[in-house]
Amino acid sequence: MSTDNVQPDVEDESSLLSLDTWDRIKHTERFIFLISVGFVLTFSYLFSRAPVVSDVTQGYHGLTITILIWSIFALGFNLLLGQTGLLSFGHAMFFGTASYATALFSIHVFNEPLTIVLVGVLSAIAIGAVAALILLRLHTVYFAIVALAIGQFLYFLASSPLEGITKGINGLTVSRTPLLGLIDLDHRYSGILGELFVNNSYLFVGAFFVAVVMFITRIRKSPYGLIFKAIRENETRASFVGLDVWRYKFVAFLLSGGIAGLAGSLLTLNKQLAIVDRLYWSISGDVVVMAVLGGLGTLAGPVIGAFVWFYFQGIVNGLPTLGDYWLLMLAVSFTAVVWAYPDGIWGMITSLTQELREPKTLAAKVKTRVAGGSSAEESDGGER
Amino acid sequence: MGSRTIHETANSVWFEVAGMTLDAAVGFVFIALSVASLYLLVAIGLSIVFGSLKYVNMAHGVLYLGGAYIGLLIASSEEYGGLLSEYGAIGLDLGFVAALILTPIIIFVLGVAMERFLAKPFYDRDLLDQLLVTFGVLIAAQELFAIVFGRTGTIYPRPDWLSGAISLPVIGTPPGLSAASTIRVLVVTLTLLLIAVIFAFFKYTDYGLAVRAGTEDSEMAEMLGIRVGRPFLLIFAIGAAYAGVAGVLGGSLFNVTNSIGMEIIIPSLVIVIMGGVGSLRGTVVGSLLAGLVFAVATVVEPSMTNASIYLLAIVVLTIRPSGIYPSAKIGQ
């Protein structure tokens, strides 16, 4: 991934052999595992503590956890839109439901991080199973809008009739207990570990991030995941081949919802708060923007999208003058991406590296690089 | 501002005091109808464009939002936050009627521009691309309005003749209508008129016929020498103008903030789908049902008011996945 950009520069002198090897290994699961572990291990340090030229991102360790959580959410959303071709404008229903399930379970039943996260995921899957019965009879826009309607229904349900349970905009507070009764999530490391991860909370979320990335890679490479793709490409044909399309869509919907729910649970655990805003349509809208902006149907895309989103929301937002325009800039670039470049930022990076490999277009490349170099560098940072 | 709060409390007082008297019933009906009217005015444009052009337009919310702010600029002179905060009070101060007449004209032009620059390049693309791109435009536009006008809400100044119960020049307050506030009567009457116009347009004009033909089979219609592009543009812009009217009316019933575009477009889209895409009759029935459920909820279980429309849509679409009028042709 970042090596993806470095490699072509090396290639100029060396033989094509290295490139072939690279192409072979970069799609293996082991490589993706190593990359995602490496990403989690270095991300917080590189983003918020490494000695860099500008210090605008210094001290944003909390933001890195948020980015990891939202990356999980965007990856889950992408599983549905990018893989299966179903656009849901109501993914907040999973996020918010899991959020509340986590908080309510921890308050009323049993409070242990791993258990409450599991409860959150199960609740998201349960709500997904009910919603799927209504939604999966509908197509494209109908699916998207009715998903939005269900999400909004849950939002308004949680915000006023159920206010006694959900505490509305004030939210439910979740106290933090040790993981499995042994490991304190707030424990701050010192020395090199402190430099890298700061606390156990980061590692806890990071482990889930790696697990989700691996899970999705497994799906993408499995015959089961290929059927999702077949449905995306042509649903009618998939059913003619003899596949039970409804069943596969149902599973894709539940998987996507479960991963979105995982993100909701982790966020609740991390912020120690579950509020009604997590069910609002804007949550669904945000995750749509992230996944599409980063690049649909890819692994790196949603992660880049989440990074770019929070870079703008957390850091550009704080800048004088420019700060007011952060959402406008994101919305405009989102529109531009859908309009003209549906592959998103990750697609731009990969096509750029493809171009770099062609020696003949090297001269042309230099010109485009002058124009597009800054944005490419920024996105590269996003991926790391 | 004061008249608005008084007016709102007055409505709820009626329900509490009068029980099921005629006044309460009439007031109730007009709350239902005025809410239905607003949704209908926005949804009708969406429905026509979705039904005839196969274009799903979330950016329709921009037209409502724009209508509300343009109407506000015409009707009164207000101080805004955002970039306009330095300029003091801005606006033409021409009054409510002027806003109601001029806004649709401006939004009509905006609708023409939207059709040419936003919708047309996307007619042949995937429905999901259309949905995403117009969603992006809506978010960007709302953000732009927030930057220019600030994020705090503004309320339409309500002229005296619009507050309180309706009173006509000769006969005074019509019998039985004393509980219906003037603004709500105006909203309902105007909507009835505009809906009649759109139905007549489809039934009796050549342009309406061309739209119907183009919807049925645009290639065939073009082969017969009908330039379907023009009628489609016209019907798109008319739908836009209706959303502009809804912006002015909605702005004076509720308040005006930068997020109303999305707030109106979600229920409107839901209503269009609930009614059956492309069916004007379905959209009308869907809006009426939504208004009715909304009004029932305000009386029976006020906490369910906002959730009620979505619950209705979920129930309807569970029973009839293709909407109330599934296979109706455009113009019906």
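Angles under 35 degrees count as roughly parallel, over 145 as roughly antiparallel, 65 to 115 as roughly perpendicular, and the rest as oblique. Keep that in mind for the place where two chains meet. What you have here is a predicted model, in which local features need pLDDT of at least 70 and side-chain atom pairs count only at pLDDT 80 or more, while totals for chains, interfaces and linings use all residues. Residues are numbered from 1 along each chain as its sequence is written, with chains lettered from A and ligands numbered from 1 in the order in which they are written.

Let's start with chain A as a whole. It has 18 helices and two strands (DSSP runs numbered from the N terminus, H or I of at least four residues for helices, E of at least two for strands). Of its 384 residues, 46% count as buried, meaning that 20 or more other C-beta atoms, placed from the backbone, lie within 10 Å of a residue's own; 12 or fewer is exposed, and in between is partly exposed.

Now pick out helix H3 of chain A, residues 29-48. At 1.5 Å a residue (times one less than the number of residues), its 20 residues should span 28 Å, and the end C-alpha atoms are 29 Å apart, which agrees. Still, H3(A) bends by about 45 degrees at Thr42(A), the bend being the angle between axes fitted to the seven residues ending there and the seven starting there. Among its buried residues are Ile32(A), Phe39(A) and Phe47(A). The cover over H3(A)'s buried residues includes helices H4, H9 and H10 of chain A.

Another spot to look at is Ser265(A), in helix H13 (residues 245-271) of chain A. Ser265(A) is buried because 33 other C-beta atoms lie within 10 Å. Leaving out residues up to four places away in sequence, Ser265(A) touches several residues, including Ala98(A), Ile116(A) and Gly120(A); contact means C-beta atoms, placed from the backbone, within 7 Å.

Finally, on to the neighbour: 32 residues of chain A are in contact with 29 residues of chain B. H7(A) gives the largest share of chain A's side, 13 residues. That side divides into 25 nonpolar, five polar and two charged residues (Ala, Val, Leu, Ile, Met, Phe, Trp, Tyr, Cys and Pro are nonpolar, Asp, Glu, Lys and Arg charged, the others, Gly among them, polar).

The axes of H7(A) and H5(B) come within 8 Å and cross at roughly 40 degrees, so the two helices are oblique to each other. Axes are lines fitted to C-alpha atoms, for helices over the stretch in contact, with angles from 0 to 180 degrees between N-to-C directions. Here Thr140(A), Val141(A) and Ala144(A) meet Leu127(B), Leu128(B) and Leu131(B).

Notes
Two residues are in contact if their C-beta atoms, placed from the backbone, lie within 7 Å.
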